[in-house]
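Visitor: Could you walk me through the aromatic rings in this one?
Guide: Gladly, let us look together.

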Amino acid sequence: MNKDFSHLTGFGLCIFLLPLLGKWIPMLANYMDVMVYVGIYSIITMALCLLTGYAGQISLGHASFFGIGAYVSGVMTTRYGVNPWPCLMLGVAASATVALLIGGPSLKLKGHYLAMATMAFCIIITIIFNETATYTGGPDGLAFIPGISIMGHAVDSEVKYYYLVWSVVFLVLLFCLNIIRSRVGRALRSIHGSELAASAIGVNVARYKIYVFVFSAVLTSVAGSLYAHYLNFINPASFDLLVSIKFLIMIILGGMHSLWGAIFGAALVTLLSYEWLQYFEEAEVMVYGVIVLVIVIFLPHGLVSIPKRLKSIRAR
Amino acid sequence: MEHMTLASQLLQYIITGVTIGSIYAMVAIGFNIIYNVTEAINFAQGEFVMLGGLVMVFFRVTLKLPVLFSLPLTISVVMAVGILLDRIAIRPIRKPTVLSMVIATIGASFFIRGAAMFIWGKNPFDLPPFSGRNPITFLGAAIQPQSLWVLGFLVAVVIVLTIFFDRTIMGKALRACAVNPSASSLVGINVKYMILISFALSAAIGAIGGIVITPISLMEYDRGAMLAVKGFSACAVGGIGNFPGAVLGGILIGLIESLGAGLISSGYKDVFALLALLLILFVKPSGLLGSAEVSKIRKF
Amino acid sequence: MANMKTRPSIGKGIASLIAAAVTVTLMLSPVVSAHAAQAYKVGAVFSVTGRASFLGDPEKKTALLLQEEINKKGGINGHPLKLIIYDDKGDSTQCVIAVRKLINRDKVCAIIGPSLSGLSLSVIPVVQKSKIPNVSCAASYKIVTKNPKTGEQWKWVFKTPQSDSMAVEAIYTHMKKHGISRIAITSVNTGYGASGRSELLRLAPRYGMTIVADEKYGPKDTDMTAQLTKIKGMSPQAIVNWSIGPTQVVVVRNWKELGMTNIKMYQSHGFGSRKNIKLAAGAAEGIYCPLGACNIAEILPANHPQKQVTMAYVKAYTEKYNEPVSSFGGHAWDALSLVVKALKAVGPDKAKIRDYLENIRGFVGQHGVFNFSPKDHNGLSKEAFRMVVVKKGDWALAD
């Protein structure tokens with residue numbers, strides 16, 4: 001408990017101070033833009049951490065929930081002029097419904113089969129986004145999505161959006177930490193360990209799986225709405241299978257058994273693809289592949305396990 | 001201007017579906033070979049097809065070697081890539097889980113794709129067809145000679161693999177590893193070596209797919225991903241790990257796509273094949289030809 | 001071991017995180033060039049890799065070629081031209097991040113690109129807010145037209161490619177002249193295909209065209225026989241195919257194999273590279289296509305206003321890169337040349353560049369002669385396309 005509290009406080013302070021430091025170090029100020037995306041993806045990776053890291057269910061379909069949230073927000077605000085916040089709730093409702101519908105039959109499957117079912121779902125949703133052009137704008141995308149305002153104040157700068165997104169990240173982190181430390185978290189871990197054993201001790205396996213799946217879909221949808229209102233533009237290519245795979249890479253690289261790992265993973269992959277690997281130009285995809293391989297092989301528990309490994313090396 | 005009857009239209013759709021379905025079948029067979037021995041799904045399987053096409057372009061078009069030489073050379077090169085994939089991406093993983101193997105092969109596929117873009121650039125390449133481009137008319141539909149080659153190679157692969165798995169020692173050893181790796185190593189089978197063979201074999205079959213399809217539809221560095229997804233679906237429809245299932249699944253997916261595009265809507269054609277996949281997964285996850293008990297024994 | 005528990009972990013946590021962030025940032029920030037003060041910095045965002053690399057790759061190559069030529073001749077009024085090019089990989093997030101980087105970090109005075117229409121739309125709010133001139137290399141009329149009813153243009157945004165409507169009009173005009181009124185459409189389901197398709201559908205009634213079939217396929221599909229078979233059953237007089245990449249060649253091959261060559265085939269301007277004729281392996285004979293001047297530089301008559309400029313570009317590009325010119329590199333040539341012309345006239349002041357661009361008249365470019373105005377930030381008309389036909393494996397002007 002204490003460790004959590006001190007980590008949370010340290011984390012909160014860092015987030016709060018980062019933009020202020022940016023005033024003195026101009027290099028840091030340029031990273032605000034990317035940090036907003038890191039925050040948005042962190043919400044998704046934390047959701048996936050619960051689903052995959054704790055409950056052990058693989059989903060290749062989360063880019064679709066990201067997209068459902070983004071498109072519901074985008075279409076309702078652009079074409080029908082509805083206020084962004086109710087649209088966000090509508091997106092949440094839509095994602096939850098879809099998650100219930102496909103989660104029901106899919107979660108009865110295991111391992112590879114679940115991956116395939118969620119993969120099929122992801123591609124189908126991308127095709128739907130592409131084909132329903134009268135609403136979604138089709139492959140060219142939906143442009144000029146309005147931004148958000150909170151109680152009359154428009155969130156119209158990178159720094160303001162940064163604080164908005166990272167406040168949400170913080171809240172989600174708190175919530176998820178609570179879940180993990182509670183009975184629910186233990187139930188999830190027991191399901192991951194062995195579904196047979198878990199149901200033997202009275203855990204309603206099917207229900208918990210659906211709950212965590214729907215919960216992760218809802219969080220991802222919120223991230224999608226935030227994304228749409230920040231970039232002010234969305235197109236189907238931002239929500240395809242490759243993006244689902246990107247989310248999985250984030251939690252693997254960061255460490256999927258830890259919420260901190262989820263955040264680190266989101267930060268690492270986002271910074272790599274939007275900033276650092278740019279210097280490799282044409283060789284970028286190759287370098288990315290190598291990094292993924294190296295981490296999966298040498299750090300199977302992700303980056304977040306580095307301190308523990310260092311400690312164990314030192315202890316020898 | 002001759003009008004096309006519905007019957008000949010249907011025949012045309014079937015011909016197209018079977019041609020492309022054969023490629024999906026080859027990808028699915030490749031998936032199955034690796035899956036049977038390692039229980040890993042190799043996301044880089046599609047890249048073998050891509051490499052088959054592009055490496056063949058190198059030998060046949062750039063170096064101007066005749067097919068007799070360039071075919072085995074291409075297959076050998078891609079087999080080498082398959083072996084490297086096993087050594088570098090799969091073997092070093094100490095505690096294999098579904099997710100870590102999936103991500104490792106995905107990482108490898110990124111690397112292979114990036115390298116292909118580096119080497120061959122982003123443009124599509126062509127190969128001369130094996131026996132000319134004059135289509136054969138049959139009951140109002142046109143069959144490209146290369147389509148017959150595709151089907152022919154699929155049949156050849158199936159026959160060769162059946163003989164290999166049933167009659168040769170190595171093939172039987174591979175099947176033993178698939179059923180029970182620990183027992184196999186107890187009787188003296190080198191499981192690690194078998195895994196290597198399975199990767200090499202998968203790569204070879206993928207390469208053949210690439211070599212035969214390129215004269216019809218060109219090949220470029222990023223074709224692999226879509227082929228992997230469709231081959232994967234074919235695999236699941238037929239039953240993961242089931243050899244005739246892969247052939248059935250591949251042809252079925254190809255037909256659904258082709259008939260769906262022609263008869264219903266070409267915009268949603270990929271959806272039809274995926275809905276078929278979902279149906280199978282929800283109703284009979286072990287696939288059309290797979291057996292439910294066998295899939296329960298599997299670790300994953 | 002006991003000491004580690006008594007030290008407060010908050011302080012350690014914050015310190016290490018800050019140290020890590022700063023170190024990493026400083027380590028990876030680009031080295032500032034010593035001549036930065038003197039050079040004129042122009043930014044570019046192209047889809048060099050990814051799903052639209054057929055656009056961004058020749059655009060980047062052309063831009064670099066032009067930069068080299070200019071700097072060899074001593075730069076712009078003595079100032080070297082420094083081009084900063086980012087690859088958006090066809091992704092909208094990457095594109096907007098790149099544009100923001102160009103504006104805030106690299107402090108460029110103008111931006112050319114993006115390559116894709118959707119992405120160009122996504123950066124409009126950013127360039128409008130930052131008040132920096134943006135010359136897009138993408139085709140959609142929506143990029144420059146803020147209000148289609150009043151014709152009001154976005155203040156800071158220009159574009160060099162012809163609109164898809166101009167290509168479609170060139171095709172329909174040719175069809176009407178040859179008595180064609182029953183047509184079928186095939187298009188790829190990406191932004192490129194969707195844009196062409198919607199213009200084809202929209203302008204059909206104006207030219208008296210009846211569309212009997214409207215088929216689609218994916219960019220990585222291996223075969224379009226099913227779609228073409230369906231079309232064959234409808235017996236149209238002509239087919240218009242709107243795609244790019246390998247599919248535009250595969251469609252042609254399928255068309256020939258199915259024995260449909262008595263149905264005239266029209267391609268989009270994306271077909272405009274000799275590479276495609278070659279890949280079609282003889283099947284492209286007799287295919288029509290609307291092309292901009294730079295694609296047909298060799299067959300333009302000697303007194304054509306764009307002859308000199310396009311011949312020079314084609315020669316330089318093929319020499320340097322050993323590959324035929326495509327339609328799209330020309331858009332980047334036009335965009336960068338316009339910006340350079342403005343820089344030569346008014347220097348690196350963003351507002352002055354914008355004002356200058358808006359008033360350029362008679363600029364001879366690769367894809368047409370540009371006449372900008374406050375009501376027209378594209379500067380081209382449908383005369384920017386000529387209909388050509390493939391004859392004996394090469395382009396010939398169509399009648």
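Guide: What follows is a short talk about ring pairs and charges over rings. This is a predicted model in which local features need pLDDT of at least 70, side-chain atom pairs count only at pLDDT 80 or more, and totals for chains, interfaces and linings use all residues. Residues are numbered from 1 along each chain as its sequence is written, chains are lettered from A and ligands numbered from 1 in the order in which they are written, and side-chain values use heavy atoms, with hydrogens and water left out.

Visitor: How many aromatic pairs are there over all chains?
Guide: Over all chains there are 44, where rings of Phe, Tyr and Trp (its six-membered ring) pair if their centres lie within 6.5 Å, and planes under 30 degrees apart count as stacked, over 60 as edge-to-face and the rest as tilted.

Visitor: Okay, what about A:Tyr161 and A:Tyr230, what kind of pair is that?
Guide: That pair is tilted, because the ring centres are 4.7 Å apart and the planes stand at 40°.

Visitor: And is A:Tyr161 buried or exposed?
Guide: A:Tyr161 is buried, with a relative accessible area of 1%, and A:Tyr230 is buried too, at 5%; buried means under 20% relative accessible area, exposed over 50%, and partly exposed in between (1.4 Å probe, protein chains only).

Visitor: Switching topic, which ring does the charged end of C:Lys101 sit over?
Guide: The charged end of C:Lys101 sits over the ring of C:Tyr86, 4.8 Å from its centre, and C:Arg354 lies over the face of C:Trp156, at 6.0 Å from the ring centre. A charge sits over a ring if NZ of Lys or CZ of Arg is within 6 Å of the ring centre and within 35 degrees of the ring normal.
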